[in-house]
Amino acid sequence: MSASAVKTTCPYCGVGCGVNLSSRASNRVVPPVSGDKSHPANFGRLCVKGSSLAETITPKGRLLQPMINNKTVTWEAATDAISAKIKQVTEEFGPDAFAFYLSGQILTEDYYVANKLAKGFIGTANVDTNSRLCMASAVVGYKRAFGSDTVPCSYEDLELCDLLIMVGSNAAWTHPVLFQRISAAKAKRPDMKIVVIDPRRTATCDIADLHLSLKPGTDAAIFSYLLQDSAHEHLLDAEFVCTHTEGFDQALAQAEQSTPTLEATADFCGLAADSLLQLRDWWRSTPKTVTFYSQGVNQSSSGVDKCNAIINCHLATGRLGKVGAGPFSITGQPNAMGGREVGGLANQLAAHMDFATPGAIDLVQRFWQAPNMATENGLKAVDMFNAIEAGDIKVLWIMATNPMVSLPNTAQVKRALEKCELVIVSDYKMGTDTSAFADILLPATGWSEKDGTVTNSERRLSRQRGLLPPAGEAKHDWQAICDVATKLGFGEAFNFKGPHEIFAEHAALSGFENDGKRDFDISAFESITKQEYDALVPVQWPVNKANPQGTARMFTDKRFFTPSGKARFVPITPALPKQLPNDEYPFTLNTGRVRDQWHTMTRTGDAASLSRHLAQPFIEIHPEDAQSQGIKDKTLVKVFSPYGRALLKAKVTDAVAKGSVFVPIHWTQQFSNASIVSALIPSEVDPLSGQPESKHARVTLEPFKQVKYGSIVSEVPLDLSDCLYWCAVTSDHGYRYEVVWPTEMPIKAFKDRFARLLPKTAQWVEYTNPHNQQIRLAGVTKDRLKLVVYISDNPMVATTDWLTSMLAPKQTLTEMDRMALLVGTPANVEDKGEIVCACFQVGTKQINQAVEGGARSPEALGKTLKCGTNCGSCIPELKTLIASNKETAV
Amino acid sequence: MVSLVAVESLPRLIIIGGGMAGSRLAHDLMATEAGYQVTLISEEAQVGYNRIMLSALLAKEIDAKDMPLVDIQGMREKGLEVVAGDAAANIDTHRRLVVLASGRELQYDKLVFATGSRASILPIDGSKASNVIGFRNWQDTQVLSELPSTAHVSVIGGGLLGLEAAVGLAKKGHPVTVYHRSGWILNRQLDEAAAKMLQAQLEKYGVTFRLGQTPEKFKCNAVGKVIAILGKDHIQPADLVVMAAGITPEIELAKAAGITTNKAIIVDAQLRTSHDDVYAIGECCEFESQTFGLVAPIWDQLKVLLKTLGKTPSVFTIEAVPTKLKVSGVNVFSVGRIVADEEDQEICYTDVATDHYRKLLINGDQLVGAILYGNVADGSWYFQLIQNKTNVSSMLDTLIFGEAYCPQDVA
């Protein structure tokens with residue numbers, strides 16, 4: 001492997017950080033990684049998820065061979081079966097009986113061949129992707145305004161602006177490296193103002209000068225108001241609006257009607273008038289403004305309108321195409337942008353051309369020499385699964401995504417997958433909630449093996465490099481697609497020798513008859529060689545003859561990609577979410593991410609260090625709501641919506657507003673029996689983007705009474721189906737579970753329950769304490785630990801790192817160790833408390849102690865404990881701990 | 001005839017009993033130069049030995065030279081008069097006279113009863129036989145030591161003393177059977193779980209147990225020696241029977257002298273009896289309806305008595321006393337309440353495989369009882385918590401795991 005091959009990119013969020021390997025990967029082991037100092041996305045920084053990448057490379061649970069109906073088969077047999085079925089259903093029912101459901105996790109090259117096969121050769125536009133759940137609204141918003149899906153900004157604009165408005169983004173946890181860049185900029189220039197617009201008080205608010213805790217879904221009203229205020233206060237860039245935009249008058253008229261006054265707007269949004277006034281004053285006085293928005297805006301039944309409400313304000317004041325200004329949509333996934341670029345969405349054709357783009361179908365057909373061009377939009381994710389349930393789509397190929405967990409209305413998704421005649425799942429993991437429904441499983445390469453390109457949120461192409469050979473019989477997704485394409489008789493068009501050839505063809509298409517008509521143009525790479533491809537350095541598109549070094553900022557020439565070349569204002573009527581709370585379901589459910597997990601945990605779930613920050617799924621409930629519902633902190637709560645049910649541990653906090661609750665999205669049935677939040681979410685979508693309103697549902701809450709809470713550490717995996725609730729927590733050794741039992745059980749029943757799992761030679765160490773209603777058992781053979789069970793009437797989360805370490809091979813137990821098994825810590829070892837800093841494994845108890853000892857700033861804590869000095873993503877929590885310590889000290 | 005031993009004009013103090021309490025009192029009086037002419041009267045020839053060590057002596061873990069509790073010879077040199085092997089037979093409190101079995105009369109100004117106790121002999125048919133003995137003194141130990149190791153010994157009573165005797169005998173190689181009236185041994189110190197662990201350990205040493213049983217009859221041979229024990233449904237051959245079913249305070253002498261007694265000689269908090277200048281300490285005294293069999297409260301009594309004699313005000317109070325079984329290789333610790341009251345909470349820890357057991361009794365915010373088996377290192381800490389009436393409410397989660405797991409500043 002060449003020296004350059006030890007640089008790659010991170011597979012998590014849309015920031016797209018460069019990653020360095022400390023040494024070459026070998027023997028299927030990836031050495032610890034660090035941030036790539038030369039990568040312009042992160043300049044050497046990495047967040048805790050990225051820092052833990054090497055830990056996620058494990059043979060555990062890998063899918064290594066193709067399977068049909070759970071039986072191992074050859075690739076030959078699997079692709080025979082797939083191609084035969086595709087032929088049969090498309091001949092019998094037409095090309096739309098086939099669909100791809102893809103992912104922002106796959107690489108641009110994978111995306112490109114999938115899109116080409118479906119839209120040009122099978123003849124269906126039923127190619128959609130989990131990016132539909134992430135930023136589809138942002139795409140449509142940009143297209144409506146600019147005539148193209150163009151992110152105008154660069155990351156450096158986040159550092160160079162004077163006012164940063166973060167809308168529906170908890171970047172501190174979801175895009176930690178950008179958040180660090182912003183924090184550093186703010187520290188250097190304290191005058192820079194940061195405003196967070198979010199119903200929840202998140203870790204991102206830590207650096208904010210102002211937090212607008214608005215009523216869920218009312219974001220558009222704020223920008224509607226700012227538009228009309230800008231007009232009345234003569235903030236308009238009149239020359240720009242007149243010469244380079246259209247539709248301003250209608251948009252302004254609508255804004256005046258929708259949000260006539262500050263008071264009316266504040267009232268609609270549930271905000272104090274003075275906080276909105278503060279934002280308005282900063283907006284008025286700060287030309288260098290970036291509005292940074294994410295899923296909180298996109299995942300809405302009016303997500304596209306919210307995007308355009310934001311863009312309208314930037315157009316009106318000329319705040320785009322300039323340094324430190326612009327409407328900046330940040331994507332969630334590592335290659336959501338790459339998917340958009342190839343056209344891997346049902347309402348796109350290819351290379352930023354739509355079916356509706358005049359001449360586009362013909363252009364692409366000629367370029368591909370395609371025999372069966374699709375001619376109109378396919379079905380977007382939610383509609384696609386409805387069509388599957390209706391029997392219209394009969395073959396579904398799911399690639400690198402987990403719709404059983406991520407799509408709304410899980411019950412419907414399940415019905416659809418059960419109905420579908422052939423479900424093909426390509427994944428690198430054997431057991432996912434979705435693969436349980438697969439008829440054919442195809443082993444895919446994962447990060448460290450995949451080889452190709454990705455595009456991050458600032459339009460920057462980077463290489464993700466293969467560090468290890470594919471495990472087992474795993475193939476790259478593009479290879480699997482090309483194999484099937486060949487069997488369908490399209491071998492000539494899918495005869496790629498490597499990803500560089502696919503990339504070159506993709507680049508050539510982007511430049512084909514472009515002549516500046518389309519924003520996406522990377523024709524500079526149309527003849528790229530393998531050597532050049534392998535040496536590719538990160539670059540922002542467009543990259544073409546005019547811009548050979550790439551393009552940092554778009555629209556500096558004030559020319560847009562609409563037929564008129566002018567940007568378009570869109571009149572916006574702020575709308576509330578579709579399913580508002582009512583008497584039966586009185587709470588508003590919001591969803592989001594936690595700091596140390598990614599999506600459905602198929603990768604981060606393998607890293608023990610990432611499970612320590614938040615080990616279990618939870619529901620945030622305001623203290624007053626908790627009291628009125630009879631719910632205590634950490635207890636198990638039943639959450640019902642009209643669509644399903646979830647069981648979650650309560651986290652009572654005033655970070656959520658009264659009447660609102662919050663649940664993270666990550667936990668699947670692989671990790672918890674009933675904590676899938678999308679089961680609660682309605683299938684409401686934005687009419688334009690088809691993006692589900694995943695951040696909004698109405699729910700009711702019910703506490704559990706008379707249950708036993710337990711923590712279990714076991715040498716072997718356990719069947720916990722008799723538990724009301726269980727959650728598996730990844731640990732370095734053995735298996736760890738948090739459980740809830742439905743009824744009162746005497747100690748003997750617990751011993752019997754677990755005794756059958758133990759070897760006959762095992763004996764119990766036991767502890768009972770009526771004071772805290774605790775029962776603790778350790779099953780031990782001679783001097784080896786097999787199992788530890790802690791049970792209590794009170795909810796608790798044991799600190800079990802030491803316990804699981806006792807499951808390590810060759811770990812023998814002393815008499816005092818045996819006693820310590822029932823305490824959870826050896827007597828002479830410090831109990832760290834809950835881990836806050838995942839990089840250095842520093843816990844709450846250590847931090848509190850250091851704060852009491854005089855470390856009153858994150859910097860001081862970093863000096864004593866090292867916490868926060870690597871990825872820095874725990875700094876907001878460190879500040880909270882410092883503040884709460886000061887309060888108690890007073 | 002009055003023997004005037006007194007030199008100079010120091011008041012004369014006579015201690016009746018050369019056991020642990022009496023000899024230690026004599027020692028302390030001599031050491032503190034309390035201003036008395038002290039005489040120590042001992043029925044036994046051996047004076048001032050450590051009775052607690054008898055089982056170790058029997059088991060031959062120690063020998064005679066390890067036995068002294070105090071240095072009698074050294075005390076003699078300082079002026080203590082020791083009368084050994086001559087029991088006090090009579091007391092005339094009016095004339096302040098002690099009459100010895102030999103007929104010798106001793107005048108006193110202050111008199112201290114430290115007559116101790118003897119083994120209770122249960123009223124079982126045959127219990128008067130010559131091979132039914134107690135395990136109380138050096139003489140008993142002598143008898144047991146001389147027994148051929150094949151001889152079968154039955155011990156009546158599975159309390160501290162009985163078990164110590166049983167283990168001593170078993171270690172010597174005797175087949176030993178322990179009869180115990182309760183369902184588990186050491187029932188006044190241990191709960192059933194701990195007792196069962198202890199029993200299993202003692203069984204490994206070769207001791208056999210008959211629990212929940214009292215012998216119905218000792219079958220004697222023609223020469224009046226016990227040859228077997230008859231139980232409800234069994235016959236147990238026996239060459240010797242050790243009575244360890246409790247102790248009876250030795251109070252006959254006091255009673256005869258007209259001193260008020262109940263179970264034992266009644267004393268007040270200054271260890272004074274019903275008669276002026278007459279005191280009692282140790283196993284022969286009774287305070288607040290309690291008698292005493294363990295050494296710790298007796299040492300407390302001793303301190304109080306020294307002060308009383310020195311005319312310094314002092315008050316004896318009864319404290320919880322931890323029990324430790326003096327059997328090498330076996331660790332038992334128990335203090336305070338054994339059986340939970342209705343309001344008590346029991347915290348338990350059991351590790352069967354390593355013979356490690358703990359039970360704590362909590363009442364309100366206080367520790368009121370502790371039983372430890374196997375690992376007793378935390379025993380003294382628990383004892384301290386009980387004695388100090390420490391509020392343990394903040395430690396309840398980890399209290400049973402010992403001092404190492406509890407916040408240091410609390411204890």
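Chain B is divided into three domains: domain 1 (12–118 + 247–309), domain 2 (132–243) and domain 3 (331–405). The bounds come from an automatic or database domain assignment. Taken over C-alpha atoms, the centres of domain 1 and domain 3 of chain B lie 35 Å apart.

The model is predicted; local features need pLDDT of at least 70, side-chain atom pairs count only at pLDDT 80 or more, and totals for chains, interfaces and linings use all residues. Residues are numbered from 1 along each chain as its sequence is written, while chains are lettered from A and ligands numbered from 1 in the order in which they are written. Chain B averages a pLDDT of 90, and 97% of its residues score at least 70. Here pLDDT is the predictor's confidence in each residue, from 0 to 100. For the complex, the predictor gives an ipTM of 0.75 and a pTM of 0.82.

At the interface, 20 residues of chain B are in contact with 17 residues of chain A. Contact requires C-beta atoms, placed from the backbone, within 7 Å. Strands E23 (344–351) and E24 (356–363) of chain B each supply at least two residues of the side that touches chain A. Strands (E, at least two residues) are DSSP runs, numbered from the N terminus. E23(B) gives the largest share, seven residues. By class, this side of chain B has eleven nonpolar, six polar and three charged residues. Ala, Val, Leu, Ile, Met, Phe, Trp, Tyr, Cys and Pro count as nonpolar, Asp, Glu, Lys and Arg as charged, and the others, Gly among them, as polar.

E23(B) also pairs with strand E30 (residues 763–769) of chain A, in the antiparallel sense over four bridges. Pairing requires at least two DSSP bridges between the strands. Cys348(B), in E23(B), stands opposite Thr768(A).

Terms used: Two residues are in contact if their C-beta atoms, placed from the backbone, lie within 7 Å.
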